[in-house]
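I opened the model today and kept notes as I went. These are the entries.

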Amino acid sequence: MSVFTLKDAKIVPDIVHEYSPKIKGTSVPLVIDNGSYQCRAGWACNTQPSLVFRNLIAKPRKDRNKKDGEVPVTPVVQIGNDIVNIEALRFQLRTQFDRNVITHFHIQEQIFDYIFTHLGIDTEGRVEHPIVLTECFVNPNSCRQLMSELLFECYDVPSVCYGVDSLFSVRENQPGVDYALVVSFGHHTTHVMPIVKGFALPDKTRRINLGGFNILAFLHRVLQLKYPVHVNAITLSRAEELLHDHCSIACDYMEMLKNWATLDYYESNVRKIQLPFTQSNPTTYLLTAEQRMEKKRELARRLSELNARRREEQQAEDQELLARLLEIKELYREDREGFDYALLEFQMKGMQELQKMIRTLTARVERCKQRMAAQQEAAVAPPPEEKVPHPPAGLTVEDWVKQVKQQRETLLEKRQVRRQRRHDLAKRHTVAAQERMRIISLLARKEKGTDDFGMRDEDWDIYKTISREGGDSDSEIENEKLVEYEDILRHHDPTFTIEEPQAGNHSGTAEYHQLHLGVEIHRAPEILFQPSMIGSMEAGLAETIDFVLKLFPAEEQLLLANNVFLTGSCAKFPGLKERLSRELLEMRPFQTPHKITLAQNPALDAWLGARNFSQQDDFARNSVTKREYEEFGGEYLKEHVASNRYFPTPAVPVIELNE
């Protein structure tokens with residue numbers, strides 16, 4: 001079975017795009033899909049967004065070792081793709097969203113600065129392009145008011161057009177649709193949104209407070225609980241990679257659990273994920289005492305070379321300082337005023353202290369020269385001759401090599417038998433393990449009701465039989481013999497080679513750093529249908545769809561069920577379409593048809609739909625200008641097929657108090 005490796009993809013910082021002369025000075029709209037997971041921004045004249053980044057900012061903690069005047073190595077605030085190592089700043093990450101609603105507008109302002117700067121907009125004090133901005137379904141008026149205030153007052157944009165991301169996605173895939181049941185999967189929420197006669201109905205829309213973030217957090221926690229030894233290696237970023245690459249939704253969850261409970265299904269479907277680890281040298285435990293001493297001598301030699309380089313650098317500094325002090329000493333006779341200034345530079349009080357420093361430096365330089373000369377003599381000395389093993393008296397070299405080969409093979413066979421026995425005992429259904437369990441059960445039946453096992457001599461034989469595998473480890477004497485045999489064969493047999501152990505098999509090191517994804521690949525996304533798995537009391541996706549459909553008469557139910565539209569990043573889970581089809585088949589009346597459609601690009605269609613909407617002739621009529629913002633207020637919204645409904649905030653009644 002193949003082993004999957006983690007990509008651990010590095011984030012590449014965004015470049016600053018050129019503010020094209022074809023765009024500068026024109027009214028080309030700027031389209032921003034402001035999602036709670038990712039933000040996508042670009043010009044309406046382009047086919048793809050210029051910027052795609054995580055909607056996060058990070059403010060690293062101040063380095064206490066740096067002074068206030070020093071320039072920090074990293075920016076004070078990192079935004080989006082500037083956060084190259086997201087795990088290092090995991091606890092400093094901030095977002096402008098509270099679930100799917102924007103509440104932290106000081107963070108949103110920094111996100112806008114990032115977008116406008118990286119798109120190359122260089123107009124002083126304003127953004128001279130209309131903005132198309134997505135917002136959540138049934139966005140509160142207070143949030144829209146603050147957003148409009150930010151865009152009009154801070155950036156002085158000419159106009160803003162608000163729209164719902166999932167509705168833009170519907171219009172991108174199904175222009176002119178009249179009836180549809182939109183299932184929009186977000187990072188924190190999931191919406192079941194009916195469209196009747198071309199418009200979404202907010203009073204009959206239902207929201208589930210579950211999304212991609214909850215699935216990711218659940219998978220991350222499950223893997224950490226399953227592998228507590230690797231809890232630090234199972235990061236949230238790696239769990240996210242496993243979620244995107246391996247997880248899917250089961251068509252029948254209970255049947256899937258039964259399948260995973262069988263050994264054959266598990267072994268043929270489990271996915272092994274290799275975690276990064278440091279490969280240890282498999283031959284280090286075979287070193288003899290002489291080889292270990294040689295290794296220590298090699299380390300001592302390297303340390304000696306490092307110290308020699310440091311002494312050379314120190315000697316150069318001492319010689320330079322000594323030459324400078326001798327120059328100052330000469331000034332004592334020629335220029336007494338210059339001599340006094342030089343003493344102040346070195347913080348010395350007089351001639352006596354200067355001479356003491358000169359004597360100290362001279363002695364230090366001389367000692368360093370002697371030590372370096374001694375090391376050079378030692379380096380020139382010839383290395384000790386390597387000891388070549390010779391055959392014992394009475395044997396030719398050929399017979400000796402043949403005998404050593406046979407002894408080495410016998411030793412390796414014995415070692416392989418011991419390892420195979422340990423491997424068999426670790427498995428339940430092997431003969432060795434069953435025999436051991438038979439002896440233990442026989443002993444338990446024999447000694448039932450008594451507590452005197454070990455008092456008799458025959459008990460020792462039973463104990464030795466049970467614990468026989470305890471002496472199956474490789475001894476140090478055998479390791480030294482193996483090294484000795486290989487040393488002989490290297491010198492006297494030119495055809496001898498030591499087979500390199502396969503990666504990950506020499507002592508189970510790689511296997512020890514593997515994750516086995518079994519039922520977890522279906523269990524994590526199952527919380528969309530069973531929120532009770534994570535302790536949530538909300539209804540699942542199938543129940544919510546059934547509830548929304550029953551709010552309509554039978555004729556409209558049929559029209560909605562015949563156009564169930566899936567959008568959002570979580571819609572890309574394999575098996576989601578089949579699972580919903582099965583759920584609709586169970587909840588709908590007998591022989592009632594239904595149809596499920598998946599967005600062509602569930603993650604990007606919201607931006608593409610907003611871009612196409614900005615190119616229509618009536619785009620200007622659907623945008624709120626700055627004059628209209630000043631007249632009607634920041635919460636004002638112009639309704640269109642992809643927007644929220646506008647409900648003015650009720651005026652607060654004025655109560656006059658009688659005198």
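Predicted model: local features only at pLDDT ≥ 70, side-chain atom pairs only at ≥ 80, totals over all residues.

I looked up the strand order and found six strands in an open sheet, running β4-β3-β2-β10-β11-β20. The pairing is mixed. I then checked the edges, which are β4 (51–54) and β20 (624–625). Each has a single partner strand, so one side of each is left without a neighbour in the sheet.

I followed strand β11, residues 159–164, to β20 and found two bridges joining them. The two strands run antiparallel.

Entry, the helices. Helix α1, residues 105–118, lies across β2 (30–34), β3 (38–43), β4 and β10 (131–135). Its direction is at about 150 degrees to β4. Helix α20, residues 605–614, lies across β2, β3, β10 and β11. Helix α20 runs at about 150 degrees to β2.

Entry, the pocket. I looked up the largest pocket and wrote down a volume of about 1000 Å³. Its lining has 50 residues. Those nearest the centre are Tyr37, Phe185, Gly186, His187 and Ser569. By class, I noted 23 nonpolar, 20 polar and seven charged residues in the lining.

Entry, one residue. I picked Thr567, which is in strand β18 (residues 564–567). Is Thr567 buried or exposed? Its relative accessibility is 4%, so Thr567 counts as buried; the cut-off for buried is under 20%. Beyond its neighbours within four places in sequence, Thr567 has contacts that include Ser166, Ser169, Phe185 and Pro602.

Note on methods. Residues numbered from 1 in each chain as written. Heavy atoms only, no water. 1 Å grid on protein atoms, 1.4 Å probe; cavity = no way out; pocket = protein on both sides within 12 Å on 5 of 7 lines; lining within 4 Å. Points joined across faces, edges and corners; volume = space filled by probe spheres on them. Nonpolar A, V, L, I, M, F, W, Y, C, P; charged D, E, K, R; others polar. Helix = DSSP H or I, 4+ residues; strand = E, 2+ residues; numbered from the N terminus. Buried < 20%, exposed > 50% of the residue type's maximum accessible area, 1.4 Å probe, protein only. Contact = heavy atoms within 4.5 Å. Pairing = 2+ DSSP bridges. Axes fitted to C-alpha atoms, helices over the stretch in contact; angles between N-to-C directions.
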